[in-house]
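Trainee: Hi! Could you walk me through this model?
Mentor: Happy to, let's look at it together.

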Amino acid sequence: MDTLHILNKSPDHTRFARCLAAVAPEDGLLLTENAVLAVTGGFAFNTAQVYALGPDVQARGLEHHGTGVSRVDFNGMVDLTTRARRIISW
């Protein structure tokens with residue numbers, strides 16, 4: 001993966017939309033904190049590689065949402081950071 005975008009802002013935050021606009025098809029997108037609210041649907045992601053931090057999904061009661069979004073734990077998050085050529089935190 002070229003760039004891993006780590007997004008922690010909720011879908012109604014302006015930075016959320018700016019991040020989605022910056023994600024390229026060869027990038028990965030990791031949703032953390034309130035950004036995991038996006039797993040409930042309605043968002044078009046520019047990348048096939050969308051991940052959500054499982055503990056954040058669980059903390060918000062969204063375990064049954066998010067088809068097409070891969071869940072990762074903290075170890076998985078670390079693995080994603082090692083596979084990316086660069087990382088951008090939003």
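**Salt bridges and a helix**

Mentor: Asp56 counts as buried, with a relative accessibility of 14%. Buried means under 20% relative accessible area, exposed over 50%, and partly exposed in between (1.4 Å probe, protein chains only). This is a predicted model: local features need pLDDT of at least 70, side-chain atom pairs count only at pLDDT 80 or more, and totals for chains, interfaces and linings use all residues. Residues are numbered from 1 along each chain as its sequence is written, and side-chain values use heavy atoms, with hydrogens and water left out.

Trainee: Which side chain meets Asp56 in a salt bridge?
Mentor: That of Arg60, at 3.9 Å, N to O. A salt bridge is a side-chain nitrogen of Lys or Arg within 4 Å of a carboxyl oxygen of Asp or Glu. Arg60 is partly exposed, at 31%.

Trainee: How many salt bridges are there in the whole structure?
Mentor: A search finds 3. One of them joins the side chains of Asp2 and Arg85 (2.7 Å, N to O). That pair links distant parts of the chain, 83 residues apart.

Trainee: Is Arg85 buried or exposed?
Mentor: Exposed, at 61% relative accessibility.

Trainee: New topic: which residues of helix α1 are buried?
Mentor: In α1 (residues 14–22), they are Phe16, Cys19 and Leu20. They fall within an arc of 95° seen down the axis, so they line one face of the helix. The arc is that of the directions from the helix axis to the C-beta atoms. Helices (H or I, at least four residues) and strands (E, at least two) are DSSP runs, numbered from the N terminus.
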